[in-house]
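Me: I have a model to go through with you. Can we start with the ground rules and then the fold?

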Amino acid sequence: MHNLTPSAIELVDFYDDGEQARHFQFRLLDGVQSASSNVLADWQTAQIGQFFMLNVPGVGEAPFTFTQVPDAQGHFRALVRQMGAVTTALFGLQSGQILGARGPYGVGWPMTEISGKRILVVGGGCGLAPLVGVVDHLVEQQNYTQLTVVYGARSQQAKMLNPERERWQQYIPVFNMIENGDLNGDENEYHGRPIDMMPTVLDSFGELPDVVLLAGPQVMMFGMADYLVASGVYNHAIYLSIERRMHCGLGTCGHCYLKHKYVCTNGPTFRWDVLQPYLPEDH
Ligand SMILES: Cc1cc2nc3c(=O)[nH]c(=O)nc-3n(C[C@H](O)[C@H](O)[C@H](O)COP(=O)(O)OP(=O)(O)OC[C@H]3O[C@@H](n4cnc5c(N)ncnc54)[C@H](O)[C@@H]3O)c2cc1C
Ligand code: FES
């Protein structure tokens, strides 16, 4: 029997991070307070790229990716964009308030397979969130031959995860692509979309990247995957994190169904060649 009861979490801290987006830090209370509970141990199995269901009491639940998976004290982080009822209620809460969470759920990024490789990471808008844990981990462990991040934002104001990208660019190339409006004068910032930078980025790899990780708006990810395959990158070397409407997160309600696959249990990360047969013709 699947457990749909949320664990108690505390909203520890938050800061605004781009247009209508906030980076939240939470702390698991269940399991930390009770020595007999294994809740904390369950949460500590969370893998980078997995997600959790956040429960705002009296309002509802929604899925979010970890930008930092739970640590030994049960602290974890997520970047949240304000969209509807759940996220608006979350934005109205203050530090110290108690809410709920279930998880961790889904399939994370293939961290073992990508270790030590030449890795290209491409994130669009809020879609960089599922990739934060990957880049942090690889940079901390210096576990790559080459690692390059390309980030796309609609405008200067819409950029998210600035502290993370500023930290990474001390160690690895980070290309920040701004679609509309002014640049901020930073040498890592360029006009255009991530795909416009691809010829330069692929050249910088010499040979093609061994692995590509994509997350962001679907049209960006699928367009990028097609471009990369046409450029010679194997389709089995490309991984994506996709979003569908979710209710249970456990493969029982069918809301996230995608032609014989549940995104909540078979994903949200998929290899491109595995995902393609399950997409509608007109994707
Ligand atoms: C696996 C997964 C991970 C996610 N990770 C993050 C994250 O890290 N940060 C973040 O900000 N958001 C994330 N999302 C999206 C987030 O779950 C939704 O924005 C959230 O459900 C909004 O809840 P709400 O009640 O505030 O708005 P709702 O009232 O549920 O939605 C507001 C609007 O957004 C649309 N919408 C909601 N969910 C989706 C969806 N999955 N796909 C397409 N349109 C949708 C609705 O149709 C509606 O128009 C993730 C979604 C999934 C499936
Ligand atoms: S969210 Fe219920 S089956 Fe996937």
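Reply: Helices (H or I, at least four residues) and strands (E, at least two) are DSSP runs, numbered from the N terminus. The protein has nine helices and 15 strands. This is a predicted model: local features need pLDDT of at least 70, side-chain atom pairs count only at pLDDT 80 or more, and totals for chains, interfaces and linings use all residues. Side-chain values use heavy atoms, with hydrogens and water left out.

Me: Which domains does the assignment give?
Reply: Domain 1 (7-105) and domain 2 (111-278), with bounds from an automatic or database domain assignment. Their centres, taken over C-alpha atoms, are 23 Å apart.

Me: How much area do domain 1 and domain 2 bury between them?
Reply: About 1700 Å², 63% of it on carbon and sulfur atoms. Buried area is the accessible area (1.4 Å probe) that two parts lose on being put together, summed over both.

Me: How many salt bridges cross that interface?
Reply: The rule finds two, counting a side-chain nitrogen of Lys or Arg within 4 Å of a carboxyl oxygen of Asp or Glu. Separately, Arg77 forms a salt bridge with Glu164, with the closest N and O atoms 3.4 Å apart.

Me: Which strands supply the side of domain 1 that touches domain 2?
Reply: Strands S2 (21-28), S3 (51-56), S4 (60-65), S5 (75-81) and S6 (98-105) each supply at least two residues.

Me: Different topic. What box do the C-alpha atoms fill?
Reply: Roughly 55 × 45 × 35 Å, taken along the principal axes.

Technical notes. Residues are numbered from 1 along each chain as its sequence is written. Chains are lettered from A and ligands numbered from 1 in the order in which they are written.
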